[in-house]
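This report covers a helix pair, aromatic contacts, a strand residue and some backbone angles. Please look over the structure before reading on.

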Amino acid sequence: MENEYVSWRLILRKIAGENLSEAEERQLQDWMKVDVRRREYVENARKDWLEPGEENIPDLPRLMDRFDRFTAQATPGKPGEHKRGFVRLKVFLPYAAAVLIPLCLIMMMVRFNREEPQPVLAAKHTPEVILPGSSQASIVLSDGQRLVLDGKVDSLLCVQEGLTIRQQAGTISYQARKDVQEERFNLIDIPRGGEYCLELSDGTRVWLNSSSKLRYPENFVREERVVELSGEAYFEVAKNDRKPFIVKTGQQDIRVYGTAFNVYAYPGEKIQHTTLKEGSVSVSRKGREYFLQPGQQARIDTLSPGIVIEKVRPEQYCSWLTGKIPLENERLEDILLRLARWYNVDFVFNDDQLKDLHFSGDLERYADFSEILRLIQMTTSVEFVIQGRQVIVQPLE
């Protein structure tokens, strides 16, 4: 993961004493190793976070002051260059400092005090509280039993013949006896506004984004390890030369050779893509196979038969895992489609020409919804009107 960036939400969870996943803990530790000031900041923030008292109200002015001074420090090894903030807009840098502190303040109040944020956009009705996504999922077992997950409590979810399913540190893990020869399939379903991490019985780890489904066997007993994906997922595949790992999306088959990669394959969307971060994969479609190298992407137009191989920055397509929404000259309609899944809202355009406006910048994935819309509104000449969980997109008057 990128050492120059770490999610503010991740720091808050660490400060509050929540259990982080192994990947999250590693990401945070790598970020703090770069500069001793980062570790000191986290430690000081933890000390200042809870003041003595019955309600444990955080000392927000002190935290804001520390955060302001910390983000103003120079990047290690690059004198005079200021480090990147948690919300970076390439086209709107003068407003970054003004937005950063209020944004973090809103997030802290929502995350820990459960207070409703004040509406920041004009609304025709009293706006509903719209929060970013969280750990939510359900698993349908081979016998039809459904397990509802929220990632809050470590527990033993299921014990069946030859199978144990545990939930720990926000990850569902499968342990299956190798002598079980019957291939039984499960399905994990991530709703809108949800995300989850799944560890398969072979050790492969899968991070699933909102509105995604993965069908997989409890134990891989065949010569190939085959899973079926609908939606978006990031894979870290356990290497096994004797049993290739294959991801099927309906439009393509991705053959994996022990690697890390992201697959974006939502049904009904015109474009799907597979982005290789490290290792090696091949993508097959309609009888043709294409091999990817790290930093390449296989891009599919579902209305056309072929595959286009492009060189990309993998972090742009994989960094949703670390709490960012990186955007490079993307269409407004495509951006809002991603936000709709993550915040569980619906966007309605009252002028179709607005769909083709473009936007560049890095947004914070766990930011307050109204603040995200405000940042986009500042640079795209559109206005957002929140009506319950529906957002009207109209020209800025």
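## Aromatic pairs

This is a predicted model, and it holds 10 aromatic pairs. One of them joins Y343 and F369.

Elsewhere, ring pairs connect F220, F235, F245 and F261 into a cluster.

## Packing of α7 on α8

Helix α7 spans residues 332-343, and helix α8 spans residues 369-380. The two pack at an angle of about 175°, with axes 12 Å apart. An angle over 145 degrees counts as roughly antiparallel, so α7 is roughly antiparallel to α8. From α7, the contact draws on L332, I335, L336, L339 and Y343. From α8, F369, I372 and I376 take part. The contact has 8 nonpolar residues, with no polar and no charged ones.

## Helix α7 itself

α7 has 12 residues. From first C-alpha to last, α7 reaches 16 Å, close to the 16 Å expected at 1.5 Å a residue. Its buried residues are L332, I335, L336, L339, A340, R341, W342 and Y343. N344 follows α7 and has a positive phi, near 55°.

## Positive phi in two serines

Most residues other than glycine have a negative phi. S211 has a positive one, of about 55°. S211 lies in the loop between β9 (205-208) and β10 (212-217). Its relative accessibility is 24%, so S211 counts as partly exposed.

S381 also has a positive phi, near 60°. This serine is in the loop between α8 and β23 (382-387). S381 is exposed, with a relative accessible area of 52%.

## Q272 in strand β15

Q272 belongs to strand β15, residues 271-278. Is Q272 buried or exposed? Buried means under 20% relative accessible area. Q272 has 4% relative accessibility, so it counts as buried.

Which residues are in contact with Q272, leaving aside its neighbours within four places in sequence? The contacts are T249, Q251, Q252, Y264, A265, Y266, A298, R299, I300 and T302.

How values were computed: Residues are numbered from 1 along each chain as its sequence is written. This is a predicted model: local features need pLDDT of at least 70, side-chain atom pairs count only at pLDDT 80 or more; totals for chains, interfaces and linings use all residues. Side-chain values use heavy atoms; hydrogens and water are left out. Axes are lines fitted to C-alpha atoms, for helices over the stretch in contact, and angles run from 0 to 180 degrees between N-to-C directions. Helices (H or I, at least four residues) and strands (E, at least two) are DSSP runs, numbered from the N terminus. Angles under 35 degrees count as roughly parallel, over 145 as roughly antiparallel, 65 to 115 as roughly perpendicular and the rest as oblique. Contact means heavy atoms within 4.5 Å. Ala, Val, Leu, Ile, Met, Phe, Trp, Tyr, Cys and Pro count as nonpolar, Asp, Glu, Lys and Arg as charged, and the others, Gly among them, as polar. The expected span of a helix is 1.5 Å times one less than its number of residues. Buried means under 20% relative accessible area, exposed over 50%, partly exposed in between (1.4 Å probe, protein chains only). Rings of Phe, Tyr and Trp (its six-membered ring) pair if their centres lie within 6.5 Å; planes under 30 degrees apart count as stacked, over 60 as edge-to-face and the rest as tilted.
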